[in-house]
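Colleague: Could we go through this model together? I have a few questions ready.

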Amino acid sequence: MTKKVVVITGASSGIGEATAKKLAAAGNQLVLGARRESRLQEIVAAIEQAGGEAVYAVTDVTSSDSVKALAQKAVDTYGRIDVWMSNAGLMPQSELIQGRTEDWDQMIDVNIKGVLYGIAAALPIMRAQKSGQFINTASVAGHAVHPASSVYSATKYAVRAISEGLRQEEAIAGSNVRVTVVSPGMVATELTNHITDAATKDRLEHAWADNAISPEEIADSILFAVNLPENTSMNELVIRPTSQK
Ligand SMILES: NC(=O)c1ccc[n+]([C@@H]2O[C@H](COP(=O)([O-])OP(=O)(O)OC[C@H]3O[C@@H](n4cnc5c(N)ncnc54)[C@H](OP(=O)(O)O)[C@@H]3O)[C@@H](O)[C@H]2O)c1
């Protein structure tokens with residue numbers, strides 16, 4: 001297998017952390033971005049202790065300069081970017097009547113703008129290389145809307161729309177850039193910790209406790225999509241607990 005340079009945002013916990021560890025164990029070079037530096041340091045140390053290679057840059061995906069600096073860290077350290085995974089995200093769900101505009105702003109800034117800033121930072125590099133892969137984390141909530149999920153779902157539908165546009169544009173350009181959307185169902189991570197509406201938090205935490213699968217299951221599928229031959233693109237992955245309705 002060829003060693004790839006893989007950048008992951010939201011790498012300090014959950015799906016990002018599990019994917020970073022899995023891809024590093026498979027021999028790839030990892031560049032990790034998130035805001036919590038101590039968590040990133042621990043994950044890099046764990047990867048290195050297991051014989052892998054990783055570096056990090058403290059990154060806030062709501063700042064395009066910060067995302068550009070993460071891309072620069074990858075180029076400065078390893079000379080290229082083969083895979084860019086825009087995975088940072090949050091899910092403070094609530095009903096629209098509550099008017100939680102701060103939560104809406106945060107979801108739009110992290111879940112949508114974070115993905116766009118990743119494309120702005122990494123696509124020119126991939127075009128120049130004539131190869132690369134974007135992996136954008138959406139959700140099953142980007143395939144269906146439920147009460148309280150309107151804004152979160154809107155951000156994840158947006159991730160799918162942006163990714164499909166990117167896929168078509170790069171196919172026409174003949175850039176050899178692949179696009180993969182990962183849409184997980186309930187996965188046991190820190191995602192429900194940040195729900196601000198108590199009733200929704202309680203409801204979703206119970207649903208997660210009853211159903212969630214581990215983030216390693218998502219990481220396995222991502223590794224599979226990364227390892228496909230360059231001329232083959234796995235564009236959509238929907239992975240949910242068998243028990244999830
Ligand atoms: N868990 C699920 O059931 C599930 C289902 C469907 C989709 N997803 C999606 O999966 C992705 C990963 O979430 P997760 O479940 O692994 O939850 P998580 O454990 O809470 O991880 C979220 C990650 O996003 C990072 N993040 C948040 N805001 C950020 C910002 N402004 N800049 C940079 N990084 C930021 C966090 O790091 P810092 O706090 O250190 O910055 C953390 O590493 C999200 O896009 C989520 O919507 C999850």
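Colleague: Leaving aside its neighbours within four places in sequence, which residues is Gly89 in contact with?

Modeller: A word on the source: this is a predicted model, where local features need pLDDT of at least 70, side-chain atom pairs count only at pLDDT 80 or more, and totals for chains, interfaces and linings use all residues. Residues are numbered from 1 along each chain as its sequence is written, and side-chain values use heavy atoms, with hydrogens and water left out. Gly89 sits in the loop between β4 (83-86) and α4 (101-129), where helices (H or I, at least four residues) and strands (E, at least two) are DSSP runs numbered from the N terminus. Taking contact as heavy atoms within 4.5 Å, the partners of Gly89 beyond those neighbours are Val110, Asn111 and Leu191.

Colleague: Good to know! Is Gly89 buried, partly exposed or exposed?

Modeller: Buried means under 20% relative accessible area, exposed over 50%, and partly exposed in between (1.4 Å probe, protein chains only). Gly89 has 35% relative accessibility, so it counts as partly exposed.

Colleague: And how many residues of strand β5 are buried?

Modeller: Gly132, Phe134 and Asn136 point one way from β5, while Gln133, Ile135 and Thr137 point the other way, and all are buried. Strand β5 (residues 132-137) is therefore largely enclosed by the rest of the structure, its buried residues numbering six of the six.

Colleague: Which residue stands opposite Gln133 in β5?

Modeller: β4 and β5 run parallel and are joined by four bridges; two strands pair if DSSP finds at least two bridges between them. Opposite Gln133 in β5 stands Val83.

Colleague: Let's turn to Asn28. Which backbone nitrogen does the side chain of Asn28 reach?

Modeller: Asn28 lies in the loop between α1 and β2 (29-34), and it is buried because its relative accessible area is 1%. A polar atom of its side chain is 2.9 Å from the backbone oxygen of Leu23. At 3.0 Å, the side chain of Asn28 also reaches the backbone nitrogen of Lys4.

Colleague: Finally, the ligand: how much of the area that it exposes when taken alone does the protein bury?

Modeller: The ligand is surrounded by 30 residues, each with a heavy atom within 4 Å of it. An oxygen atom of the ligand is 2.8 Å from an N or O atom in the side chain of Arg36, and a backbone N or O atom of Val187 lies 2.8 Å from a ligand oxygen. Taken alone, the ligand exposes 870 Å² (Shrake-Rupley method, 1.4 Å probe). The share of that area buried by the protein is 96%.

How values were computed
A polar contact is a pair of N or O atoms within 3.5 Å; within protein, one must be able to donate a hydrogen and the other to accept it, and residues adjacent in sequence count only if both atoms are side-chain atoms.
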